[in-house]
Amino acid sequence: MDGLVGKSQAILDLERVANAAAQTASPVLIQGESGVGKAMFASRIHSLGPRRDKRFVRLNCAVLQNPAAGLEEAAGGTLFLDGLCALAPGAQGALFEVLQEKKTDGARLLCSASADLERMVKEGKFLGPLFHRLNVVAVRIPPLRERKDDIMPLAEFFLKKFSAETKKNFTGFSDDAKAALEACPWPGNVRELENVIERACILGRPPLVGAQDFPFESSAARAGYVPQSGLSLKDAMNGFKKYYVERALRTVGGNQADVAASLGIQRTYLSRLLVELGIRQ
């Protein structure tokens, strides 16, 4: 891939930031909802910089215990810490100590966060000095619903990828497929779009992907929840909440922090909704 996929102003701006950030050794904090492409952006920074021929090591902060070991593994290359908001308090302190003492083995540090780290600092859930140490270059990747111009370029990119993998000669999308893709709110962002196109390539028939190849129930359902007639307002609202939360769980994954971030709500409120609406994970 020669660059970030898309044609929106946001993508053009992000490409410029990636080019500038790639020429430095400063930490970069990449923020945005789950599934927006934070790992792809980190990889882009690595590929544009002087460390491009060295290792790009991606570690999940939810299971990371020893950040120093990760820096050693990426020595001379790039260490990408994915999901910084899930980093345990002990690991936060250890990472800050390593950075303060500059024991990074020459590795470049990139981090991602789907939650508001500044708010977490204020709530005492994230180490303030570490946040300020990592927040040298801060980048926010907008959700896909805020950059509609990128939907079709991304869909075409994934179509080419999965056409090759499934050995099917898809040449494009039908008009109704394009309309369906552009109408979808994509709560799971780029990750959800990728999954939808992969499914369409597996189940569809060339040469064109049609709307019938997507897991959308109807044109009305694509726009959101359609309640049954005769429901009270309270029941209709609860039905919508259940529909939307369950969809986020399917598209974002089972991590409650990521799901809450994608929905724009507190994790504690999400936990309460799961109980109130009878949603099982």
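## Elements and model

Helices (H or I, at least four residues) and strands (E, at least two) are DSSP runs, numbered from the N terminus. By that rule, Lys102 lies in the loop between helix H4 (89-100) and strand S4. The model is a predicted one. Keep that in mind throughout.

## The sheet

Start with the strands. Five of them, in the order S2-S3-S4-S1-S5, form an open sheet, and the pairing is parallel. S2 and S5 stand at the edges. Each has a single partner strand, so one side of each is left without a neighbour in the sheet. Neighbouring strands of this sheet are turned against each other by 20 degrees on average, direction ignored.

Now take the pairs. Strand S1 covers residues 28-31, and strand S4 covers residues 108-113. S1 and S4 pair in the parallel sense over 4 bridges. Gln31 has Ala113 as its bridge partner in S4. S1 also pairs with strand S5 (residues 137-140), again in the parallel sense and over 4 bridges. Here the bridge partner of Ile30 is Val139 in S5. Strands S2 (residues 56-60) and S3 (residues 78-82) run parallel and are joined by 5 bridges. Leu59 stands opposite Leu81 in S3.

## Helix H1 and its partners

Two packed helices are described by the angle between their axes and the distance between the axes. Helix H1 spans residues 9-22, and helix H2 spans residues 38-48. They pack at an angle of about 50 degrees, with their axes 8 Å apart. That makes H1 oblique to H2. The cut-offs show why: angles under 35 degrees count as roughly parallel, 65 to 115 as roughly perpendicular and over 145 as roughly antiparallel, with the rest oblique. H1 passes H2 in a right-handed crossing.

Which residues make this contact? H1 supplies Leu14, Glu15, Val17, Ala18, Asn19, Ala21 and Ala22. H2 supplies Phe41, Arg44, Ile45 and Leu48. By class, the contact of H1 with H2 has 8 nonpolar, 1 polar and 2 charged residues.

## Helices H7 and H9

The axes of H7 and H9 come within 9 Å and cross at roughly 40 degrees. H7 and H9 are therefore oblique to each other. Their crossing is right-handed.

The contact has two sides. On H7 are Ile151, Leu154, Ala155, Phe158, Leu159, Lys161, Phe162, Ser163 and Thr166. On H9 are Val190, Leu193, Glu194, Ile197, Glu198, Cys201 and Ile202. Sorted by class, the contact of H7 with H9 has 11 nonpolar, 2 polar and 3 charged residues.

## Backbone details in the loops

Most residues other than glycine have a negative phi, and most peptide bonds are trans. Some places here depart from that pattern. Lys102 is not a glycine, yet it has a positive phi of about 55 degrees. Is Lys102 buried or exposed? Lys102 is exposed, with a relative accessible area of 68%. Lys167 also has a positive phi, about 60 degrees, although it is not a glycine. Look for Lys167 in the loop between helix H7 (151-166) and strand S6 (172-173). Its relative accessible area is 75%, so Lys167 is exposed: the cut-off for exposed is over 50%.

The peptide bond between Pro206 and Pro207 is cis, with omega about 15 degrees. Pro207 lies in the loop between helix H9 (189-203) and strand S7 (208-209).

## A contact across the sequence

Gln65 is found in the loop between S2 and helix H3 (67-73). Gln65 counts as exposed because its relative accessibility is 61%. How many residues separate Gln65 and Ala88 in sequence? They are 23 residues apart in sequence, and 7.5 Å apart in space, C-alpha to C-alpha.

Terms used:
Residues numbered from 1 in each chain as written. Predicted model: local features only at pLDDT ≥ 70, side-chain atom pairs only at ≥ 80, totals over all residues. Heavy atoms only, no water. Axes fitted to C-alpha atoms, helices over the stretch in contact; angles between N-to-C directions. Left-handed = near helix turned anticlockwise from the far one by under 90°. Contact = heavy atoms within 4.5 Å. Nonpolar A, V, L, I, M, F, W, Y, C, P; charged D, E, K, R; others polar. Pairing = 2+ DSSP bridges. Buried < 20%, exposed > 50% of the residue type's maximum accessible area, 1.4 Å probe, protein only.
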